[in-house]
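Dear colleague,

Please find below the structure that I am handing over to you. My notes on it follow directly after.

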Amino acid sequence: MLYRENGQFKASYAADQQIFPILQDRVAIGALLAIAFIVLPLFGSEYLFRAILIPFLILALAALGLNILVGYCGQISLGTGAFMAVGAYGAYNFLVRIDGMPLIAAMLLGGLSATVIGVLFGIPSLRIKGLYLAVATLAAQFFTDWAFLRISWFTNNSSSGSVSVAGLNVLGLPIESPVSKYLFCLVVVCVFALMAKNLTRSAIGRQWMAIRDMDVAAAVIGIRPMYAKLTAFAVSSFIVGVAGVLWAFIHLGAWEPAAFSIDRSFQLLFMVIIGGLGSIMGAFFGAAFIIVLPILLDQIPQLLGIPLSTATTSHLVHMIFGALIVFFLIVEPHGLAKLWSIGKQKLRLWPFPH
Amino acid sequence: MMMNDIANAAEASAAGGRRIGEVILDLQNISLRFGGVKALTDISFNVREHEIRSIIGPNGAGKSSMLNVINGVYHPQEGRILFHGQERKKMEPHMAATQGIARTFQNIALFKGMSVLDNIMTGRNLKMKSNLLQMALYWGAVQKEEIAHREKVEEIIDFLEIQSVRKTPVGQLPYGLQKRVELGRALAAEPTMLLLDEPMAGMNVEEKQDMCRFILDVNDQFGTTIVLIEHDMGVVMDISDRVVVLDYGKKIGDGAPDEVRNNEEVIRAYLGTSH
Amino acid sequence: MKLRPFALAMALATVGAATLTTPAVAQQANEQFFPLLVYRTGAYAPNGTPWANGKQDYVKYINATGGINGVKIAYEECETGYATDKGVECYERLKGKKATLIDPQATGITFALTDKAPVDKIPLITLGYGLAASQDGGVFKWNFPLMGSYWTAADALIQHLGKKEGGLDKLKGKKIALVYHDSPFGKEPIPLLQKRAQMHGFELVLLPVTAPGVEQKATWLQVRQQRPDYTLLWGWGVMNSTALKEAVATGYPREKLFGVWWSGAEPDVKDVGANAKGYSALALNPHGTDSPLVKDILKKVHDAGQGSGPREEVGSVLYMRGLLIQMFAVEAVRTAQAKFGQGKVMTGEQVRWGLENLNIDEKRIGELGLAGLIRPLKTSCNDHMGSTSVRIHSWDGSQWKMQPDWYEADKKVIDPMVKEAADRYAAEKQIKRRDPSDCNA
Amino acid sequence: MGFFLETLFGGLMAGMLYSLIALGFVLIYKASGVFNFAQGAMVLFAALAMARFAEWIPKWLGFDNLIVANLLAFVAAMALMIVLAWAIERLCLSKLVNQEGITLLMATLGISYFLDGLGQTMFGNDIYSINVGMPKDPAMILENLFEGGLLLSKEDLIAAIIAAALVALLALFFQKTATGRALRAVADDHQAAQSIGIPLNRIWVIVWSVAGFAALVAGIIWGSKLGVQFSLSLVALKALPVVILGGLTSVPGAILGGLIIGVGEKLSEIYLGPFFGGGIEIWFAYVLALAFLLLRPQGLFGEKIIDRV
Amino acid sequence: MNASNLLLNVNGIEVIYNHVALVLKGVSLQVPEGRIVALLGGNGAGKTTTLRAISNLLRGERGEVTKGQIELQGERVEALSPSDLVRRGVVQVMEGRHCFAHLTIEENLLAGAYTRKDKGEIAANLDKVYTYFPRLKTRRTSQAAYTSGGEQQMCAIGRALMSNPRMVLLDEPSMGLAPQIVEEVFEIVKDLNVKEKVSFLLAEQNTMVALRYSDFGYIVENGRIVMEGEANELASNEDVKEFYLGLSGEGRKSFRDVKHYRRRKRWLS
């Protein structure tokens, strides 16, 4: 009976339009944020930050961006890695070429570069649909892979093609320690998650979903398909681009195009699908699942004291990972977010069965 | 406000307050082909302001194609379309919407993943003016705008008696209700002309009666011009002002219901003898 | 019904939380911990596996023979799949267990770790790979590209070609193609080759191959079109065997084809067999089971049922390379112990000092059971490489045959380039060159 | 001119090999509406099975004859592919009936991960070779016309012929047999097919087995060319633009698409590559496919997307 | 009804979708050999679900029969696959026609003969279908997607007939069809029933036509059978007249004069 909305009446539409209309949800999210902002920085280990939380936050952000395109607007993309790369290299160039460029500005400019490229590669979506579009977005993937390797201007003429950044700071505060990196990512992710949620619950979000669900009908009620699709590409690649900046600058520090390879694109798509298409929360669920699972699977044999070679473990991880993906799709094609809401639904009725 | 008015006035109102006006849509010699297949051949007819205009005809007669021509989904190879007296250039569907033409579909084209509320809210998208950045911040003006439109939408929801399902994803609704939501979405745009493609298909008599009531009320109260495709001859003959009959892409009859009902060619091609 | 998977997920999450937050399995207090970053899966597994086995076997061997002055080595493998982010994850996970030395086993991972190592005080051994400029210990305090970098490798190859032609000046007007893995690894030698091309007047043709290198038809058609006098192969993994097969298919003489030391192992030619006859590659280390060290490992590790891989693999080129890497690691600890205390566990910083003060002379090589196989190596504060000696071996259709000549990189060519690149790196990262006094610390 | 022709031949033959892999995609998409990303993993799995069985079977049975070993290995590998098809249907597809395309696509990505792991666990992750007696050395033709002759890879030529034969066989199967018709019916409408008594599960086992067969042939040819190891699964990425260009539902499209992509990327690499710094063929193939798509959104031969409002 | 010639006996079935939505709440009905039985009711009443439960096409929709039995000539059939049922002579024609859009009409028909292996029989069946549906013969080489709705409905019925069924489950044959075509389709159904002895269970909203052509009818509402009887009895029932036929005492009421308030059905009180 802890989770009940009975008796919580909405007196105004504004109250009904809150992101979390139910009191318990607001309390829970507040607690979660408190843990994330206060408790974890105090008690988390360096390993937790560097190997789990930071990549989790960044990839959740990228998944969030992708989810806007795939989950909300229904345009499948296999080129997410490319847009991350554009963000990363874009920001890198702004940072090294313009003296005194602040990190945040470089990050946003990186996101804007990704937006430009995203919109460019989004143009075919006006004519090409579904799986055909998915494969077309691979063109973006392979093209950027190539461009950042081959065009040395992008890498500031680094002889090896690998680039790196150092001495990052925000308003004079250095972003060096794991905790500061974590907090920086957390703030960025929270801000973008909130903005993404706002977009999806306002007119543009409805336009995206309308295009996703039935494009002809959407056009007939006055939604311009071009505008809706291209804004989805723009917003999505902006967020993905920012995630790319974070991944390169904060997580890796030094990178090469392979950090944004097609595997990354697939990984993000997995996150979105497993987490739940068309759900902001789903992006977080998906990222957590996909990052934590392999690490866990890696360690379980050790914990149980079963001596397995790393190769066998790695193959097993592949197999279990693949099997779990299929399993989840079978059990709940709408992802963890849906499972979560079903769980809440049950909880709402608990302890009464109906 | 407006919707409440109709709902209240509905009982009292008969056809009295309604005045049929001038021709607002004039289709002249329309021909449409897909590849080599002729869908429409040299069809001309017009629609007057405030009237209920029905298009009937056997399956494959080109009725839906006709509606698709009117709202820009299909582009006819020949013929002229005059809307409010102005010749219309080739245009995309969303432009028809900006001119005040709304429509429902034969096979229900709702946005299945969205709630009833959101579906109807999309109908108001042309009236919403906030830009992307404002929406991302969801502050002040945007929120006010959302609420203002939400109020309008709630009126439509009340009018169509679908309050209890407003947060339900439309995919989970029974067919009849979905049809109603689709009508609601079209109404939300406050159209001057409403195209309805078989709004009663697959409904039982009671549901048909409800739907007729909604259509008549909209027409009475707003003076919304209605172009209707329907197979149920009872419905068509009862509520239309004028009826146009198509057969295999050609026009075979046009006129008041009684005229059409007694038209030899129409009986032979469509109505059959048993009715 | 629906809650079952949900509950499962929750259970997993709880188990997970426990595992993730506390890096498990604390090693014994008196053990030197070496994380072993390896890849036994993915596109590069055939090459990564023997390398990984060599590393592990040497550790087991040292433990079987009493450790480093009594200090046993603890180790844990972590699979990177040659992916940079996985490598970083491994690094972060294992450094928490007091890692004291890491061999990233991939150029990309090395780049990513180069910035992290000074912060965490963990030295990186990048034997024969990594950043060429990191030879400069004045800037790259924590990197140790022992035995050679891609610049010294390219230099040795050009010297070899010069020798074949009868003098470096005879290279004038020749055409040399570089078929390379399109990644930092493959691009590293280009500046040196360009410099050499300028010096000797040969034409350099650059032919990139998209990773992982299964598609090279166009590349080799270009080789056929351009007809270079020599072709250098800078590949890794499947790219090598594919290159050789395409060379066969386009009729390019294998005698004119020379590989870097990462393109000269058994997996590269095994599948091509007799068709690869005549192909040569640099050899950082010889292969074979004749050396006392390998015999001893076979006896003490494999015969004891402790072998990391199949017995047949012992002595193969990449296995031996893994062995050498781990041998240097152990020698570094030994050197450090001599200064900081025999029989003690060394910290990362102390191991780093050991690496910087390695002195593997002929005598020590003999003691290690590697007589005649490698040349002496001596590192210093400024020179983190220690030796650039390298030989060439050629495939005779069934095995690699070592050629007698040793090559040394030309310091006059390499050193200014290293200095320039290192200075550029330092400027970019706002690092100051180490003070000479730092060298004695 | 001679060199241009060589490049053209090289491209045509490479293209034929892409078609061979593209065929697997098309078959499965046609019959089950599944965009099978696991096709690459299936190629690797089949090739690994073939390579290792050819090595193991003579050991188990104690004989030494390359041809017999290859034949037995082929049979064993095919049997394994059928088991695999059965398992995929039973454990995965049958439970995903009526799901959206993207869900099915994700499922095949899951299958692909699983197969990568399973294949390497069962068969090892070293480099293995398949020796089916393909000639490795090039042939020189038309030596009197061009100086030095035209280079023609015998191996590629034989592979291209095998691929072409296989494609012809499958096209016949689809158009002319009752099973082929049932496959196409299922592709159009699962439910309707079920309602008239076409057993979905059996049809899917058949179609995945046929795709497994195509994967096995592709695996043998590519494996004998490149050696069997993990990267083999990546050749599937080369087949994607082919499928898209040719149309997801068209067998002839897969062929023509393959040839266009093969020729296009080789010519572009040789003649345009130098202006861009080389290595352009991979994205060029995709951009070429994209350009074609803009003209014909359903691919060259794809069935028109029949979409009535 | 006489139990001896009972072809199909559905006894108190419940159907749940997605483990939560209870759609059928105990539906029982019988189809005797050689008759046409109509299942009437509005949208969402459960007609389609009932047919799918019988033909076992529920699984693809994430539904399952949780209670009750379905017997075909005394044999329990809930566990059989759709394909098994077709082999036993029960075939469903789905709502909305579902022709194979990219196959030609003839290929559609031949696909319907999948469970038949005898070539002669298939050819004979094809001839039979063409005699009943001469329109299909003229369109035999057209892709189904490009034929009209009526032709598609005929194609769907013809395709079902190719399996030589004893019983056809026909879902909404009149949906979206012009009145004339509806008559044509129902005439053929009647013909098939009389000449080929095929039994029909048809789900239909067009009560008027359905009752005219069937022998017996069930009315479904909200997942329950609320009324059953001989077709002519039902057609003269006052409630049926008012709610399903739109007739009131003194003839049909105009849609213009529909009262603007909600009424209550008598049998629901």
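Which residue in β4(E) is the bridge partner of Leu8(E)? The partner is Leu72(E).

Before the details, some conventions apply. The model is predicted, so local features are reported only at pLDDT of at least 70 and side-chain atom pairs only at pLDDT 80 or more, whereas totals for chains, interfaces and linings use all residues. Residues are numbered from 1 along each chain as its sequence is written, chains are lettered from A and ligands numbered from 1 in the order in which they are written, and side-chain values use heavy atoms, with hydrogens and water left out.

Chain E

Chain E contains 10 helices and 12 strands (DSSP runs numbered from the N terminus: H or I of at least four residues for helices, E of at least two for strands). Of its 269 residues, 57% are buried (under 20% relative accessible area with a 1.4 Å probe, protein chains only; exposed is over 50%, and partly exposed lies in between). Among the contacts in chain E with a separation of 6 or more, 69% join residues 24 or more positions apart (a contact means heavy atoms within 4.5 Å). The chain exposes about 10700 Å², with carbon and sulfur atoms supplying 47% of that area (Shrake-Rupley method, 1.4 Å probe).

The pair of Leu8(E) and Leu72(E) belongs to the antiparallel pairing of strand β1 (residues 6-17) with strand β4 (residues 63-72) of chain E, which extends over 8 bridges (two strands pair if DSSP finds at least two bridges between them). Leu72(E) also has a bridge partner in β5(E), namely Glu75(E). There, β4(E) and strand β5 (residues 75-76) run antiparallel and are joined by 2 bridges. Their hairpin has 2 residues between the strands, and Gln73(E) takes a positive phi near 45° in it.

Chain D

In chain D, the axes of helix α1 (residues 2-32) and helix α5 (residues 154-176) come within 8 Å and cross at roughly 25° (axes are lines fitted to C-alpha atoms, for helices over the stretch in contact, with angles from 0 to 180 degrees between N-to-C directions). The two helices α1(D) and α5(D) are therefore roughly parallel (an angle under 35 degrees). The crossing of α1(D) past α5(D) is left-handed (the near helix is turned anticlockwise from the far one by less than a right angle). Residues of α1(D) that meet α5(D) include Met13(D), Leu20(D) and Lys30(D); on the α5(D) side, Ala160(D), Val167(D) and Phe174(D) are among them.

Chain B

An open sheet of 4 strands in chain B has the order β2-β1-β4-β5, with antiparallel pairing. Its edge strands are β2 and β5 (86-87), each of which pairs on one side only. Strand β4 (residues 78-83) is joined to β5(B) by 2 bridges, and Phe83(B) has Gln86(B) as its bridge partner. Helix α2 (residues 63-70) lies across β1, β2 and β4 of chain B, at about 115° to β1(B).

Most residues other than glycine have a negative phi. Asn29(B), in strand β1 (residues 23-34), has a positive value near 50° and is partly exposed at 41% relative accessibility. His50(B), in the loop between β2 (37-48) and β3 (52-56), has a positive phi near 70° and is partly exposed, with a relative accessible area of 23%.

Yours sincerely

How values were computed. Angles under 35 degrees count as roughly parallel, over 145 as roughly antiparallel, 65 to 115 as roughly perpendicular and the rest as oblique.
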